Amino acid sequence: MQYFLAIIGGGPAGYTAAEKASKAGKQVVLFEQNALGGTCLNVGCIPTKTLLYSAKQYYNALHADKYGVTAENVAFNYEKMVLRKQKVVRKLVAGIKAKLNNECCTVVNGTAEVVSRTDEQVVVACNGEQYEAENLLICTGSTNFVPPIPGVKDNPNVWDSTMALDSKELPQSIAIVGGGVIGLEFATLYHELGVPVTVIEAMPTILPNLDQDIVHVLREKYEKAGITILTDTKVESIDGQHISTSQGEVDADKILISVGRRANLQGLTALTDLQCERGVCVDDFMRTNLKNVYAAGDVTGKVMLAHVAARQAEVAVGRMLRQIPVQRIAYNAIPSVVYTNPEIASVGIAAGQDCEVRTLPMTYSGRFVAENEGETGLCKMVVDKKTQTVVGVHMIGNPCSEFIAAASFAVRMGYTVPEFQQVVFPHPTVSEILKEVL
């Protein structure tokens, strides 16, 4: 069969593209070597958040007296938490399979390899069969980056994020190498379940890519709670459970390496002319330098977030289908969330020479005060001085992840302060802080 589109990778980019193209009546073949859903669903976003939610329930029960509730003999069963995580993943994978179960979509489980390409056709091999398609969409995702630290390789005490999620037992203590988003989320999980945590970050600050006023609030709370955070600290070597750093020695039962991810270019060796830098190079429409080859998701090395991958896939397929109007991705309006406790959510720029910054504690929201005893939080809005356009919003405080989309919409549509002030927010909700800060 001649396919309209061949997709390598069944993560958020791959399955979104397959669904969109097949709904348009185009024949699609999707190759996935593991499980549908990719890293995000199977060993990333969803399992992490499932465990974090269980940990939060336990943590909240321990501190329920703040709300006039007495909970005695509070305990948890980590093995049951892991089993529930697996059940959630299975359910969502089944949901993706159901979405792709139509007469226009063929799903092939196996490792795909591009065999050849011309401007008219791409040939992909998988499980001893060859598949021909007019277009190719590369959605091979990313893999955990393993830094060249002596003592990491073949060390049974060293975990990556996948190994940490697979473990059915908690470590006695843990050192997390890397103070980025993934590292801080795991720090939250283990700390709330009573595991001593040390975070080691080579940069001068944790979460270096985020607004530092927001990060300061989190770091202050976490250090007060007992999490050890070592910044400006480089890991020099690891020997068993012992870590030698530029600032001293650290010992831990387990060592979690969480220093980022790299684009996965597996199966693409036949595309000798494909331009790559941090990942596969693409234009605004997710086209590579090869006429009928597109890429979406982490493999592009742009913004490694599942929702970005899905949007990139929509744009790529829209371009293949010549849909009007032609769409691009508004990278200036991509929301991001760190699922710590409290949560961090942001969109747009953090500051700028021609911008003014408006800030308020989250306690200006009545709902926040009612539900976050003893917390202050912070909301920052960045406004262009000349146009009075909202260009960035940064928050820390629960549950800001649930309404950052409203700020993203404002940035995407170029709302001015007067226009945003006309938006009616329901009362009482924490989202009202977006209007209060103006």
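Analyst: Let's start with a term: two strands pair if DSSP finds at least two bridges between them. Helices (H or I, at least four residues) and strands (E, at least two) are DSSP runs, numbered from the N terminus. This is a predicted model, where local features need pLDDT of at least 70, side-chain atom pairs count only at pLDDT 80 or more, and totals for chains, interfaces and linings use all residues. Residues are numbered from 1 along each chain as its sequence is written, and side-chain values use heavy atoms, with hydrogens and water left out.

User: Which strands stand at the edges of the open sheet of five strands?

Analyst: The order in this sheet is S18-S19-S22-S21-S20, with antiparallel pairing. A strand at the edge has a single partner, so one side of it is left without a neighbour in the sheet. That describes strand S18 (336–338) and strand S20 (355–360).

User: What is the bridge partner of Val347 in S22?

Analyst: Look at strand S19 (residues 344–348) and strand S22 (residues 390–396), which pair in the antiparallel sense over five bridges. In S22, Val347 has as its bridge partner Val393.

User: At about what angle to S22 does helix H10 run?

Analyst: Axes are lines fitted to C-alpha atoms, for helices over the stretch in contact (heavy atoms within 4.5 Å). Angles run from 0 to 180 degrees between N-to-C directions. Helix H7 (residues 212–225) lies across S19, strand S21 (378–384) and S22, at about 5° to S22. Helix H10 (residues 404–413) lies across S18, S19 and S22, and its angle to S22 is about 165°.

User: Is Asp211 buried or exposed?

Analyst: Asp211 sits in the loop between strand S10 (197–200) and H7. Buried means under 20% relative accessible area, exposed over 50%, and partly exposed in between (1.4 Å probe, protein chains only). Asp211 has 8% relative accessibility, so it counts as buried.

User: What is the length of the polar contact that joins the side chains of Asp211 and Lys380?

Analyst: A polar contact is a pair of N or O atoms within 3.5 Å; within protein, one must be able to donate a hydrogen and the other to accept it, and residues adjacent in sequence count only if both atoms are side-chain atoms. Leaving aside neighbours within four places in sequence, Asp211 is in contact with Ala350, Lys380 and His394. The polar contact between the side chains of Asp211 and Lys380 is 2.9 Å.

User: How far apart are the end C-alpha atoms of helix H4?

Analyst: The expected span of a helix is 1.5 Å times one less than its number of residues. For the 22 residues of H4 (residues 78–99), that should give 32 Å. The model agrees, because the end C-alpha atoms are separated by 32 Å.

User: What arc do the buried residues of H4 cover around the axis?

Analyst: The buried residues of H4 are Tyr78, Met81, Val82, Lys85, Val89, Val93 and Ile96. The arc is that of the directions from the helix axis to the C-beta atoms. Being on the same side of H4, they cover an arc of only 110°.

User: Which residues are exposed on the other side of H4?

Analyst: An α-helix has 3.6 residues a turn, so residues three or four places apart point the same way. What covers the buried residues of H4 includes helix H1 (12–23) and helix H6 (181–192). Exposed on the other side of H4 are Lys80, Arg90, Lys91, Lys97 and Ala98.
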